[in-house]
Amino acid sequence: MSITPVFFLLLLLILFPRSIYTAGDGQWQLLQKSIGISAMHMQLLNDDRVLIFDRTDFGPSNVSLPNGLCRKNPHDLTLKTDCTAHSVEYDSISNTFRPLNVLTDTWCSSGATLPNGTLVQTGGYNDGERVVRTFQPSCGVCDWVELPNKLLIRRWYATNHILPDGRIIVIGGRRAFNYEFYPKITRSTSQLYKLPFLAQTNVHNVENNLYPFVFLHVDGNLFIFANNRAILLNYVKNVVVRTYPTIPGGDPRSYPSSGSAVLLPLKDLELGLNVEAEVLICGGAPLGSYLKAHSRQFLPALNTCARIKINDPNPTWAIETMPMARVMSDMVILPNEDILLINGAGSGSAGWELGRDPVLSPVIYRPNSVFESRFELLNQSQVPRMYHSSAILLRDGRILVGGSNPHKFNNFTNVLYPTELSLEAFSPPYLDPSKIKLRPIIVTPASSSKIHYGKLLEVKFIITEFIDLDSIKVTLISPPFNTHSFSMSQRLLVLTNTTAAMRMDSGRFQVNVRTPGSINIAPPAFYMLFVVHQSVPSVGIWVQLM
């Protein structure tokens with residue numbers, strides 16, 4: 001059944017307490033006291049369900065597999081027969097979840113969705129290090145499908161990204177200075193490609209180059225950041241076409257000195273190769289922090305963000321100061337083009353028992369505001385979200401937040417930061433009840449519509465009061481795979497208005513926009529489409545860009 005945006009809003013008001021819409025400077029709500037697992041990895045699917053999974057090698061979780069099912073794995077390092085789940089499917093509309101059966105170890109793995117919405121999840125640890133796992137959305141009873149030995153080498157702490165041709169690239173990982181593709185359709189896509197940049201950015205006994213930040217540039221190449229610097233890679237020819245300067249100060253931003261990064265919203269899409277592309281990297285840990293944390297010296301995290309125009313003829317990093325230092329935070333692109341920084345610690349490093357001083361307050365970064373006036377501090381949570389936390393955007397504009405387990409095993413008592421099994425929702429300021437009349441309601445296109453490249457798209461919507469048609473924007477967001485402070489394949493596009501927004505009959509409005517004209521700007525995939533009015537987004541609808 002297709003759920004209209006109007007019905008979706010009414011359903012949310014019924015299922016969730018009204019308090020989630022009293023945002024002001026942001027509002028927190030406890031959704032589930034326990035889902036039985038800690039949310040190390042998250043992926044929103046195009047049926048509004050979220051795949052959540054932890055690792056499998058620490059013993060039993062706190063949620064049983066259904067119908068007396070047990071996972072029998074002779075290769076498991078802790079429990080050969082395990083009748084508990086290490087993955088769940090969370091329904092963001094009904095606020096319910098069901099346990100899933102993942103067999104091999106998904107610890108510190110990676111993922112991306114195919115153009116048809118299927119999640120492809122890769123690697124992990126031990127018996128999972130060369131496994132590809134898939135999960136099909138819009139099924140209701142589906143479970144994980146595991147494909148052993150589909151990766152050429154072990155992938156642990158790697159990064160995935162969807163490509164313009166619909167394949168997925170898998171880059172790096174521990175002692176993996178190379179990349180490969182999935183699926184392996186041809187001989188060229190079945191090879192392993194060396195990437196010396198990852199060896200060059202590797203620090204002995206520390207690494208500081210795991211989970212590299214990867215973004216598809218508008219020219220079809222890949223921007224790859226590791227440690228404190230970046231390259232632009234032609235992955236087809238395996239040629240580095242550009243080298244970027246080191247971030248001023250030289251401190252590392254990659255795991256385990258975990259900062260976070262986003263490709264800032266892409267606008268003026270009709271410019272094609274000349275679309276301005278900027279990368280923002282925030283937080284991290286200073287050089288030496290990881291080793292010092294092992295000796296119980298917890299250095300303050302980095303309090304800066306670095307921003308660079310990656311297609312500028314002479315690119316340089318612009319440095320900005322955050323309201324507080326952050327390491328292990330997540331960065332979520334919001335439908336109105338703002339960036340949310342959430343979760344993390346104020347000192348130490350990623351790794352077991354290596355972080356201190358939880359950062360409970362999210363921060364909004366407004367990339368379109370003037371320099372030194374882009375940050376806004378928001379209301380804090382009561383739940384520390386430290387190492388192995390996660391955060392993703394939902395279609396209604398809330399942020400789903402979960403995880404935190406800085407221990408080798410689940411540990412709930414007599415520790416600074418207990419293993420966290422709960423799920424929360426954070427409502428950004430645009431969900432304040434005072435802004436409800438500003439919030440558009442999409443009428444057309446219908447949810448799950450197929451849209452095509454370079455075409456005109458009529459978007460019809462309702463706004464009840466305080467109408468400013470000049471502020472209307474239509475945005476597309478690709479739902480990312482989130483783990484370890486990085487959201488893989490995260491991308492927002494501001495569609496170009498071909499006509500000014502106009503009033504129609506029956507209190508409705510219409511704006512005509514042009515869909516992206518290039519698969520390099522927007523790879524084929526499912527996207528959430530939003531109408532934004534005075535920086536307040538509608539509930540999104542799912543569209544499939546083909």
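**Disulfides and cores**

Me: What is the torsion about the S-S bond of C139 and C142?
Reply: The torsion is about 80 degrees, so the disulfide (a pair of cysteine sulfur atoms within 2.5 Å) is right-handed. The model is predicted: local features need pLDDT of at least 70, side-chain atom pairs count only at pLDDT 80 or more, and totals for chains, interfaces and linings use all residues. Residues are numbered from 1 along each chain as its sequence is written, and side-chain values use heavy atoms, without hydrogens or water.

Me: And is C142 buried or exposed?
Reply: C142 counts as buried, at 15% relative accessibility, whereas C139 is partly exposed at 30%. Buried means under 20% relative accessible area, exposed over 50%, and partly exposed in between, with a 1.4 Å probe and protein chains only.

Me: How many disulfides are there?
Reply: The structure holds three. In sequence order, the bonded cysteines pair 1-2, 3-4, 5-6.

Me: Where do C282 and C305 lie, then?
Reply: The sulfur atoms of C282 and C305 are 2.1 Å apart. C282 lies in strand β21 and C305 in strand β22, so the pair ties together parts 23 residues apart in sequence. Strands are DSSP runs (E, at least two residues), numbered from the N terminus. C282 is buried at 4%, and C305 at 0%.

Me: New topic: which residues have the most contacts inside the largest nonpolar core?
Reply: They are Y157, F223 and L266, in a core of 75 residues. Such a core joins buried Ala, Val, Leu, Ile, Met, Phe, Trp, Tyr and Cys residues through side-chain atoms within 4.5 Å. Strand β42 gives the largest share, four residues.
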